[in-house]
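Please take the chain below as a whole before turning to its parts.

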Amino acid sequence: MTAAVEAATSARLLAPPNPWVGACLVATDGQQFTGFTQRPGGRHAEPHVLAVARKEAGPDVAHSATLYVTLEPCSHYGRTPPCCDAIIEAGVSRVVVGVLDPDPNVAGSGIAALRDAGIKVDVGVEAAAVEQQLAPYLHHRRTGRPYVVLKLAATVDGQTAAPDGTSQWITGEAARADAHRIRAESDAIVVGAGTVRADNPRLTARNIVAADGTPPRSPLRVVLGRAPETAAVHPCQEMTGDLPAIVDELGKQGIVQVMVEGGATVAASFHQAGLVDRYVVYLAPAFMGGSDGLGLFHGPGVTTLSEMERLSFAAMKQLGSDVRLDLVRLPS
């Protein structure tokens, strides 16, 4: 399953809005083959690994083999035939699944189809790793809302811009490249109209290449408010109104992951509304040295320490001279 999880990383920029799934086929002679979900309309992880194995070891390699797959195989027709059919036809004897697929079209029916065909199925192997890897997809299918990633960049003393408004660049090239990777992984990027007017960002994922050697798809660009007609963010979707309703609407549009790159006011609005699922904070080894710069959030915060929400560090990583901190909410 560890090999299947690793293989799924190659699908991250290919598969969305489908889940980025990995698979590992272990033949009876011990040979191992890995595969992963291709672009929408292409093979899912299971048919892909079967095709890889047959090409490398012959047409009968999957007979009596064990298949490890990070997500429950699908059992319905979509753009492609059911993966369960391919597994059954290949003669696989055992399937090991990381987590069940909460999508209503699957939701246990894949496991049932395999078991009805006489295939032994085990569920829950490396489930924690798979849950983390597929968190945006699983969240969307369970709640109907996209997984919201709030990206922030600041000095160690929490400043995102100098008193004169200058902010480019607080972090170095490695951190900025990493942020472009998050853009590429996201189905939509949200920014406030004020940031559009001040910085005129393009909000594109630059210098990123998917596993097949091609650029990733471009995320939907969402502006909260109205963007000037000449803004570089066009074409974009302009949205106004209640933030939870906006997030709900993006979920209905099939947006699995949203990256919020708005300024301090937009960041505070998402944070205070409890809409952020993952905070990604890039810290530069620098100080503004005062209290007159712009902080991570703009506007009133909690009035007393007891009201402060405690989060959990999910990951920490050095990026050049900067540090990336990932924070998530504590389980309720």
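**From the whole chain to single residues**

A compact globule of 332 residues would have a radius of gyration near 20 Å, and the chain, at 22 Å, therefore agrees with that expectation; the radius is taken over C-alpha atoms, and the globule rule is 2.2 Å times the number of residues to the power 0.38. This is a predicted model, in which local features need pLDDT of at least 70 and side-chain atom pairs count only at pLDDT 80 or more, whereas totals for chains, interfaces and linings use all residues. Residues are numbered from 1 along each chain as its sequence is written, and side-chain values use heavy atoms, with hydrogens and water left out.

Taken along the principal axes, the box filled by the C-alpha atoms is roughly 70 × 40 × 35 Å. The secondary structure comprises 10 helices and 15 strands, these being DSSP runs numbered from the N terminus (helices H or I, at least four residues; strands E, at least two). Among contacts with a separation of 6 or more, 72% link residues 24 or more positions apart, where contact means heavy atoms within 4.5 Å.

Of the 332 residues, 46% count as buried, a term that means under 20% relative accessible area with a 1.4 Å probe, protein chains only. The accessible surface comes to about 15,600 Å², and 51% of that surface belongs to carbon and sulfur atoms; the areas come from the Shrake-Rupley method with a 1.4 Å probe, and for residues only the protein chains shown count as cover.

Within this fold, strand β3 (residues 66–71) runs parallel to β4, and five bridges join the two; strands pair if DSSP finds at least two bridges between them. Leucine 71 has valine 99 in β4 as its bridge partner. Strand β4 (residues 94–99) is mostly covered, with five of its six residues buried.

The loop between α2 (45–57) and β3 holds histidine 63. Beyond its neighbours within four places in sequence, histidine 63 is in contact with Thr28, Ala90 and Gly91. Of these, alanine 90 is 27 residues from histidine 63 in sequence, and the two C-alpha atoms are 6.2 Å apart.

Elsewhere in the chain, glycine 295 lies in strand β13 (residues 294–295). When residues up to four places away in sequence are not counted, glycine 295 touches Gly158, Thr160 and Ala264. Glycine 295 and glycine 22, by contrast, are 273 residues apart in sequence and 40 Å apart in space, C-alpha to C-alpha.

Conventions. Buried means under 20% relative accessible area, exposed over 50%, partly exposed in between (1.4 Å probe, protein chains only).
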